[in-house]
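Here are my notes on this structure, for a first reading. Please keep the view open beside them and look up each residue as it comes.

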Amino acid sequence: MARPRSPGRDKARQLWLESGKSRLLKSIAEELQVSEEQVRKWKNQDKWDKVTLPNENSNITKQKGAQPGNKNAAGHGAPKKNSNAEKHGLFRKYLPEETFSIIEEMPDSPLEIVWHEIQIQYAAIIRSQQIMYVRDKEDKTIEKVEEKKGNVLGESWEVQQAWDKQANFLKAQSTAISTLKNTVKDYLELEGATKTDAKEQAKNWKEAVIEIAKRRKEKADGRADERD
C-alpha cells in the first residue's frame with residue numbers, strides 16, 4: 001500500500017509559487033515545520049522549476065515602464081514580487097541558496113558590517129591560541145607529506161621544530177592583529193572620526209574595541225527606553 005501524500009508537499013509548492021519562485025526553501029521548511037532537505041526533495045521530485053507562472057514567457061511585447069497616463073505606480077516603485085525590484089536579484093540568480101540566505105541576513109548598515117568583521121577577527125585570534133599552541137621547546141611535529149609507490153619506493157617527511165611552530169604562530173598573530181587594527185580604524189572613521197584620530201585610537205585596539213562596545217550598548221539601551 002502506497003504511503004499517503006504529505007499535505008505539506010503541495011503546501012510547500014504553493015508557498016514557493018506564490019512568492020514568484022523567490023522564497024527560500026529554508027523559510028518554507030520553517031513555516032511547515034519540516035526539514036529543509038525534505039522541501040528540497042519535494043521541489044526536485046515535483047519539478048517546481050518547470051511550472052510556468054502567469055505572464056511568464058509571454059509572447060506579448062510590453063513597453064518598458066508604466067503605460068502612458070498610468071499614475072497607479074507613481075511613488076510606489078516596482079511591485080514587491082517583481083524580480084527587477086529585488087534587492088539581491090543578481091545574487092539570487094547565481095549564488096547557492098545557502099550563500100544567498102547568509103547575504104539576506106547580513107545588516108544593511110556599513111557600521112554593523114564592520115562591527116561584525118571586528119568580532120569575527122577577534123574571535124579568530126582567540127581561537128588560534130588553542131590551535132597553534134606550542135607546549136614547550138620539545139613540542140616537535142613530524143608528518144608524512146609524500147609516499148612513493150611502484151618502481152621507486154620512498155617517503156618524504158616534514159619536521160617542524162618547536163621554534164618553527166612558534167615563529168609561524170607569532171607571524172600569523174601579528175598579521176591578524178594588524179588586520180584587526182585596520183578594521184577598528186575603519187569603524188571609527190565610519191563613526192565620524194578623522195583618519196588621523198582613528199589611526200591613533202586603533203593603535204590601542206583593545207581599548208578602542210571596549211569603547212566601541214560601550215557606545216553600542218548605550219545606543220541599544222537608548223532604543224530600548226524609547227520603545228518603553
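**Notes on charged pairs and overall build**

1. Lysine 144 has a relative accessible area of 36%, so this residue is partly exposed. Areas come from the Shrake-Rupley method with a 1.4 Å probe, and for residues only the protein chains shown count as cover.

2. A word on the source. This is a predicted model, where local features need pLDDT of at least 70 and side-chain atom pairs count only at pLDDT 80 or more, while totals for chains, interfaces and linings use all residues. Residues are numbered from 1 along each chain as its sequence is written, and side-chain values use heavy atoms, with hydrogens and water left out.

3. Which residue forms a salt bridge with lysine 144? The partner is glutamate 147, with the closest N and O atoms 3.5 Å apart. A salt bridge here is a side-chain nitrogen of Lys or Arg within 4 Å of a carboxyl oxygen of Asp or Glu. Glutamate 147 is partly exposed, at 44% relative accessibility. Side chains of opposite charge can pair when their charged atoms come close.

4. Now the fold. The protein has nine helices and two strands. From the N terminus, the order is α-α-α-α-α-α-β-β-α-α-α. Helices (H or I, at least four residues) and strands (E, at least two) are DSSP runs, numbered from the N terminus.

5. Go to helix H3, residues 36–45. Arginine 40 and glutamate 36 form a salt bridge there, at 3.1 Å from N to O. They are four residues apart in the helix, so about one helical turn separates them. Arginine 40 is partly exposed at 31%. Glutamate 36 is also partly exposed, at 24%.

6. Helix H9 spans residues 205–227. Its lysine 217 and aspartate 221 are four residues apart, so they too sit about one helical turn from each other. Their side chains meet in a salt bridge of 3.0 Å, N to O. Lysine 217 is exposed at 54%, whereas aspartate 221 is partly exposed at 36%. Elsewhere, salt bridges with shared partners join Arg135, Asp136, Asp139 and Lys165 into one network.

7. Last, the totals. The whole structure holds 15 salt bridges. Of the 228 residues, 19% count as buried. The protein exposes about 17800 Å², and carbon and sulfur atoms supply 50% of that area.

Note on methods. Buried < 20%, exposed > 50% of the residue type's maximum accessible area, 1.4 Å probe, protein only.
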